[in-house]
Amino acid sequence: MTFNDDSRLQGGKVKRRGRTAGIAGGGVGVAAIVVFLIAQFTGVDVSGLVGGDGTSTIQTGADATPVAGCDTGRDANASVDCRMEGAAESLDAYWTTESRQLGFSYASPEFFLFDGATDTGCGGATSSTGPFYCPPDKAIYLDTAFYDDLQSKYGSSGGPLAQMYVVAHEWGHHIQQLEGTFASTDRSSGASSGSVRTELQADCYAGAWVGAAATTKDSSGTTFFEPISRAQVGDALSAASAVGDDRIQGASGGQVDPDSFTHGTSAQRQRWFEQGYEQGAGQCDTFSVSAGQL
């Protein structure tokens, strides 16, 4: 998906965190207990933060600064940081309008880029955690190095829209937070569980944004994006497929276990993305359909 070179970016939607000094822990034993507790209560793996001496290195929120040099769509086409800014501004414009149709009050999420590791209201996170939405912060966290893993480790075809699909999916979780869905849904695992339904709806919301992206306009009335090709949509579908539960479990060498699913199969993730792309966010109710319709 290509930005219009002349579209205008206002800036300030995406902030990047710089590196900070290590924070000393109370020895290896205490550090291990902290890692275990964070994983149990937040689901975020912070084991990569802890060194053999029981210290950790994280980035704090205090040093976050807006990404720089992102003024136009041309900048967004040339730089991944500016691409994230452009995607955020387009998503913000889309959901500002769409929220009125769906009947909820919209407010923008925070969006932080980081390198290596960072601290959040959901605990510490590393690059290996992958992009995620933290409800207490109402914020998206992403290490852009994940995009390399999306191709090399997960087998996505890559491309700008594959990258922006990831952002749009996490933005979808923010929409669920505003709607009250994210907090109220049972997040147990299973093929038709609340967790799977939550993730598939976020995929559908991402598809809905893509479907409207070529007509969503910046503050000057210029569309953010050029018309979207089917090949570019294929890049997003490739990313959705790459992170299906069955795909990841199979690639890891283990058996595919539907009882442990939390995000849905590759086919389901693609199907719900397509549902949003073709029919809009109003057709993304994954919670009222039967298990066979997921």
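Biologist: How many disulfides does a search of the whole structure find?

Modeller: This is a predicted model. A disulfide is counted where two cysteine sulfur atoms lie within 2.5 Å. Searching the whole structure on that basis, the number of disulfides found is three.

Biologist: Which cysteine forms a disulfide with Cys70?

Modeller: The cut-off for a disulfide is a sulfur pair within 2.5 Å. The sulfur atom of Cys70 has a partner 2.1 Å away, and that partner belongs to Cys82.

Biologist: Where in the chain do Cys70 and Cys82 lie, and how many residues apart are they?

Modeller: Cys70 is in the loop between strand S4 (64-66) and helix H2 (73-78). Cys82 belongs to helix H3, residues 80-102. The pair links distant parts of the chain, and the separation is 12 residues.

Biologist: Is the disulfide of Cys70 and Cys82 left-handed or right-handed?

Modeller: The torsion about the S-S bond decides this for Cys70 and Cys82. That torsion is about -80°, so the disulfide is left-handed.

Biologist: What is the S-S torsion of Cys122 and Cys134, and is the link left-handed or right-handed?

Modeller: Cys122 and Cys134 form a disulfide with sulfur atoms 2.2 Å apart. The angle about their S-S bond is 105°, and the link is right-handed.

Biologist: Which parts does the pair Cys122 and Cys134 tie together?

Modeller: Cys134 lies in strand S8, residues 132-134. Cys122 lies 12 residues away in sequence, so the pair ties strand S8 to the loop between strand S6 (117-120) and strand S7 (123-126).

Biologist: What is the relative accessible area of Cys122, and is Cys122 buried or exposed?

Modeller: The limit for buried is under 20%. Cys134, at 0%, counts as buried. Cys122 has a relative accessible area of 12%, so Cys122 is buried.

Biologist: How many residues apart are Cys204 and Cys284?

Modeller: A disulfide joins Cys204 to Cys284, with 2.0 Å from S to S. Cys204 sits in helix H7 (residues 194-213), while Cys284 is in the segment after helix H10 (266-279). The pair links distant parts of the chain, and the separation is 80 residues.

Biologist: What is the pairing of the bonded cysteines of the chain?

Modeller: The bonded cysteines are numbered in sequence order. With that numbering, the pairing is 1-2, 3-4, 5-6.

Note on methods:
Residues numbered from 1 in each chain as written. Predicted model: local features only at pLDDT ≥ 70, side-chain atom pairs only at ≥ 80, totals over all residues. Heavy atoms only, no water. Helix = DSSP H or I, 4+ residues; strand = E, 2+ residues; numbered from the N terminus. Buried < 20%, exposed > 50% of the residue type's maximum accessible area, 1.4 Å probe, protein only.
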